[in-house]
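Have a look at the model, then read on.

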Amino acid sequence: MRVIPLTVTALAAALLLTACDDGGGKNGDSAGSACEIGGVSVEIGSASVAPAAGDSGEIPVSITNQSASCTLDHFPGVSLSAGGAEKTVPVLKGAKAQTLKLAKGDSASFSISYVRGKDGDENAVAAKTVKITLPGSDTSRSFPWRYGPVAAKADGSGPDASVSAFQQVGD
């Protein structure tokens, strides 16, 4: 009589264990490791600069894999630094992250959108640098911010700027 319950228990346990594998390539090394600055190049492209206070600007950022396959899974981290203070740039409202696997030579991009603030406005972020971090990595790269002050959100919760999701470049 004990054979049947033991067999049923073993079968149930085996089914539970196989249900843990989602088959989507996210287990083990099949998805590749997170892309890291140093293994990928990061460049800021020609910006659509906001010419005056209240205008919107957009800064494209491109990433090209220079080494073994890696994965971008979530959103890039972006912060603006001004006078020792660092302000995190939030993700674009409604943006959906996608997982991108980059083979050597593959590229992805994202954008930083912002509203230009008034020169001398104490609520604006007088950014000097923009720091970019890739998801799954603590390594960052900083670039000079040459696009003027960034306006503050009306509710005072941070800079009036946002970061888009990664997009695959090319095929």
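Q: What makes E1 and strand E4 a pair?
A: This is a predicted model, and in it 2 bridges join E1 to strand E4, residues 70–73. Two strands pair if there are at least two bridges between them, so E1 and E4, with their 2 bridges, count as a pair. The two run parallel, and Ala34 stands opposite Thr71 in E4.

Q: Why are strand E1 and strand E7 called edge strands?
A: The sheet is open, with 3 strands in the order E1-E4-E7 and mixed pairing. Strand E1 (33–34) and strand E7 (99–102) each pair on one side only.

Q: How do you know that strand E5 pairs with strand E6?
A: Strand E5 (residues 77–82) and strand E6 (residues 85–88) are joined by 4 bridges. Pairing takes at least two bridges, so E5 and E6 qualify, and they run antiparallel.

Q: Why is the link of Cys35 and Cys70 called a disulfide?
A: The sulfur atoms of Cys35 and Cys70 are 2.0 Å apart. The cut-off is within 2.5 Å, so this pair is a disulfide. A search of the whole structure finds 1 disulfide. Cys35 lies in the loop between E1 and strand E2 (40–44) and Cys70 in strand E4, 35 residues apart, so the pair links distant parts of the chain.

Conventions: Residues numbered from 1 in each chain as written. Predicted model: local features only at pLDDT ≥ 70, side-chain atom pairs only at ≥ 80, totals over all residues. Heavy atoms only, no water.
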